[in-house]
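I opened my notebook for a friendly look at one fold. Here is the structure I went through.

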Amino acid sequence: MSHTLLAFHAHPDDEALLTSGTMARAAAEGHRVIVVVATDGALGLASREYAADGALATRRLDELRRSAQALGVVRVEHLGYADSGLGPEVEPDPPGSTRFVRADTEEAAMRLAAILREERVDVLLSYDANGGYGHPDHKKVHEVGARAAALAGTPRLLEATVPRDTITRAIDLVAKVYRFPPEFDRASFDRAFSARRDITHRISVRRHIAAKRASMRAHASQASADSGADRTLAAFLRIPRPLYDLVFGREWFIDPALPRGGRIRRDVFEGLS
Ligand SMILES: [Zn+2]
């Protein structure tokens, strides 16, 4: 039985870290896989080399297409919003588009729901309530994803997350081979993502590690950034292979329709007709 999976992300490159293994696995197992980004990622931190010509948005959507190709994704869409950035204040809207945090949730959900209906999507991948590490655009993905699934009657909503204790353990391992920038705040991860008991799905993607690494490598502009969360991508790619496979060989989701603390599911399509 073939199903359709849609991964909804805030920025080009978020799919690489959070859901690329699950996407590659679904595609390899014969399912239709789609990726939708809310924003163009134009405010992503990138080195001057990449940001100088003002074409970062175009470049990042190209990178997303390359990542999609590596994962076997057949359709890539941008919902049309602008990156809200991580600054203390949200910048004014660029000409012709709205920064995602300012977008009307209902209107954004209707845009996504239109694709969910058109594609008869069985499983929508979105974000946990913390929006992972808390980027405002990621929190907005959580809200918009949940509303869109309700509007479209999508059978299953799975919210991508990572068990908090796994993150802090991974950071400590990475710290042995990589010096984090001084502004890197390990403690901030104590409040990010989700508690282990809330997780309902743990998906093994070990057989799809090559595709996952290719997806991460496709986002060259983000590996170039000078500070903050986004440079994490570059650090992760430097982890020695056996360790990388251990850390990135699984992906985690919360099905908000399931009770907490129950059986862990190992297949995102389990039980779907
Ligand atoms: Zn992001």
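My entries below go from the sheet to the helices.

**Ground rules.** I am working with a predicted model, where local features need pLDDT of at least 70, side-chain atom pairs count only at pLDDT 80 or more, and totals for chains, interfaces and linings use all residues. Residues are numbered from 1 along each chain as its sequence is written.

**Sheet.** I looked up the strand order and found seven strands in an open sheet, β3-β2-β1-β4-β5-β7-β6, with mixed pairing. Strands here are DSSP E runs of at least two residues, helices are H or I runs of at least four, and both are numbered from the N terminus; two strands pair if DSSP finds at least two bridges between them. β3 and β6 (201-204) are at the edges with a single partner strand each, so one side of each has no neighbour in the sheet. I then checked β6 against β7 (residues 250-254): they run antiparallel, joined by four bridges. R202 has W252 in β7 as its bridge partner.

**Helix α5.** I read 14 residues (105-118) and 20 Å from first C-alpha to last, close to the 20 Å expected at 1.5 Å a residue (the expected span is 1.5 Å times one less than the number of residues). Its buried residues are A108, A109, L112, A113 and L116; buried means 20 or more other C-beta atoms within 10 Å of the residue's own, with C-beta atoms placed from the backbone. They pack against β1 (4-9), β2 (32-39), β3 (75-81), β4 (123-127) and α6 (136-152), contact meaning C-beta atoms, placed from the backbone, within 7 Å. Just after α5, I noted R120 with a positive phi of about 45°.

Methods
A residue is buried if 20 or more other C-beta atoms lie within 10 Å of its own, exposed if 12 or fewer, and partly exposed in between; C-beta atoms are placed from the backbone. Two residues are in contact if their C-beta atoms, placed from the backbone, lie within 7 Å.
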